[in-house]
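Hi,

Here is the structure I promised to pass on to you.

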Amino acid sequence: RRRLDSRSIAAGLLGDIQTQISTDPLDSLYEITGELGRGKFAVVKRCVEKATGKVFAAKFLKKRRRGRDCRAEVVHEMAVLEVARNNPRVVNLHVAYETDHDIVLLMEYAAGGEIFDHCVSDELLPESQITRLIRQTLEGVHHLHQCGVVHLDLKPQNILLTNLSPLGDIKLVDFGLARRLGTAGELREILGTPEYVAPEILNYEPITTATDLWSVGVIAYMLVTGESPFAGDNKQETFLNVSQVNVDFSRETFSLVSELAVDFIRKLLVKVPEDRPSAADCMTHPWLWQHYPGTESLPPTPRTARERSGGGKWAAPPEDLEDK
Ligand code: ADP
Ligand code: MG
């Protein structure tokens with residue numbers, strides 16, 4: 001068992017891992033075929049196990065960052081994946097390898113890409129699919145919270161899909177900023193992307209599970225509108241938009257969106273963390289069950305409000321939006 005240094009403990013990092021970090025040569029066991037994504041300190045590549053032909057996603061995490069040994073951060077990311085292990089909404093960690101410069105996490109491969117692609121596309125997903133993806137995201141978030149972990153970096157780039165067509169199930173990834181509940185952590189260091197983080201993070205307040213629920217609100221907003229609710233022209237503007245909860249619910253933006261969706265999002269994008277519903281609370285919101293279970297074999301994205309909502313109860317544009 002590794003012992004954590006005091007700096008790591010102060011930062012709220014987890015130190016216990018069960019997964020062995022193998023020093024066997026990675027290249028001889030796997031064929032590394034292409035890049036899937038890239039962040040500040042990590043590259044994720046698609047790789048195929050030569051012995052079995054099985055496909056994995058290999059996350060190469062730098063052991064040294066800014067001239068400092070960051071092994072503890074990598075071990076922490078592994079430990080969080082292990083804590084949440086065996087939940088179908090959290091990406092599965094298979095094995096880990098160590099090379100000269102990196103620790104490489106071999107994870108379950110999510111072939112459908114990021115849900116981000118469905119937030120910026122001209123063709124938004126039908127609400128019946130969006131509610132299914134949000135339900136699954138909430139299941140994953142609920143599981144993490146039950147395990148005493150907050151993700152703190154939930155955004156459309158960190159929610160992947162098992163398959164693109166037909167649209168598969170979600171997998172939560174990227175536990176680099178995740179923290180154990182009750183640890184204050186070094187908030188200045190763990191600040192996520194301003195567009196997606198809750199006001200309390202910007203104010204360096206303590207971490208609670210409610211922080212993740214804010215992000216779920218942002219993600220739901222983006223999936224139904226195709227727009228990022230707080231994105232400004234620069235970082236300062238974005239910060240201000242978040243801390244003032246300056247968000248556009250105008251009819252123009254929400255013309256094709258059901259009233260229940262707006263209600264769901266409004267309940268999450270609330271400044272005071274204690275006033276946000278929990279993941280379990282959210283699961284009972286009627287929006288999420290509006291189309292359930294009829295999510296199979298859907299027609300292509302409809303163009304009108306009537307078509308998009310399936311022509312049912314919420315077919316007409318909500319009246320209170322109509323008047324404004
Ligand atoms: P970072 O900490 O650099 O953001 P992530 O873990 O979020 O690293 O991975 C970066 C990107 O790589 C993701 O946004 C996604 O596009 C891709 N990716 C990560 N994990 C997987 C996976 N298991 N399957 C497929 N793609 C993945
Ligand atoms: Mg990421």
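Let me start with some rings: Tyr30, Phe56 and Tyr97 come together as one aromatic cluster. Before I go on, please keep in mind that this is a predicted model.

**The sheet**

What is the strand order of the open sheet? Its six strands run β1-β7-β8-β4-β3-β2, and the pairing is mixed. The edges are taken by β1 (21–22) and β2 (30–38), each of which has a single partner strand, so one side of each has no neighbour in the sheet. At the β1 end, β1 pairs with β7 in the parallel sense over two bridges, and Ile21 stands opposite Ala96 of β7. Helix α3 packs on this sheet, where it touches β1, β4, β7 and β8. The direction of α3 makes about 15 degrees with that of β8.

Strand β4 (residues 55–62) deserves a look of its own. Why call it largely enclosed by the rest of the structure? Because six of its eight residues are buried. It has antiparallel pairings to two strands that you can follow in the viewer:

- Strand β3 (residues 42–49) is joined to β4 by seven bridges, and the two run antiparallel. Val48 has Val55 in β4 as its bridge partner.
- Strand β8 (residues 102–108) also pairs with β4 in the antiparallel sense, over seven bridges. Here Lys62 has Asp102 in β8 as its bridge partner.

The hairpin of β3 and β4 has five residues between the strands, and one residue in this hairpin, Gly53, takes a positive phi near 80 degrees.

**Rings and charges**

How many aromatic pairs does the structure hold? There are eight. One of them is Tyr221 with Phe249: the ring centres are 6.0 Å apart and the planes are at 65 degrees, so this pair is edge-to-face. Tyr221 belongs to helix α7 (residues 210–225), while Phe249 is in the loop between α8 (235–243) and α9 (259–268), so the pair ties together parts that are 28 residues apart in sequence. Are these two buried or exposed? Tyr221 is buried, at 2% relative accessibility, and Phe249 is buried too, with a relative accessible area of 12%.

Another edge-to-face pair is formed by Trp289 and Tyr292, at 5.1 Å centre to centre and with 80 degrees between the planes. Trp289 is partly exposed, as its relative accessible area is 36%.

Lys45 lies over the face of Phe60, at 5.2 Å from the ring centre.

**The magnesium ion**

Which residues coordinate the magnesium ion (ligand 2)? They are Asn158, through OD1, and Asp174, through OD, at 2.0 to 2.2 Å. Asn158 is in the loop between β9 (149–150) and β10, and Asp174 is in the loop between β11 and β12 (179–180), so the pair ties together parts that are 16 residues apart in sequence. Asn158 counts as buried, at 5% relative accessibility, whereas Asp174 counts as partly exposed, at 23%.

As background, most residues other than glycine have a negative phi, and most peptide bonds are trans. Here are some places in this model to check against that:

- Ser165 and Pro166 are joined by a cis peptide bond, with omega about 0 degrees. You will find Pro166 in the loop between β10 (159–161) and β11 (170–172).
- Asn86 is not a glycine, yet has a positive phi of about 75 degrees. It is in the loop between α3 (71–83) and β7 (93–98), and it counts as exposed, at 68% relative accessibility.
- Val245 is not a glycine either and has a positive phi of about 45 degrees. Its place is in the loop between α8 and α9.

Cheers

Technical notes
Residues numbered from 1 in each chain as written. Chains lettered and ligands numbered in written order. Predicted model: local features only at pLDDT ≥ 70, side-chain atom pairs only at ≥ 80, totals over all residues. Heavy atoms only, no water. Phe/Tyr/Trp six-rings, centres within 6.5 Å; stacked < 30°, edge-to-face > 60°. Helix = DSSP H or I, 4+ residues; strand = E, 2+ residues; numbered from the N terminus. Buried < 20%, exposed > 50% of the residue type's maximum accessible area, 1.4 Å probe, protein only. Lys NZ or Arg CZ within 6 Å of the ring centre and 35° of its normal. Pairing = 2+ DSSP bridges. Donors = N, O, S within 2.8 Å, 3.2 Å for Na, K, Ca; no water. Contact = heavy atoms within 4.5 Å. Axes fitted to C-alpha atoms, helices over the stretch in contact; angles between N-to-C directions.
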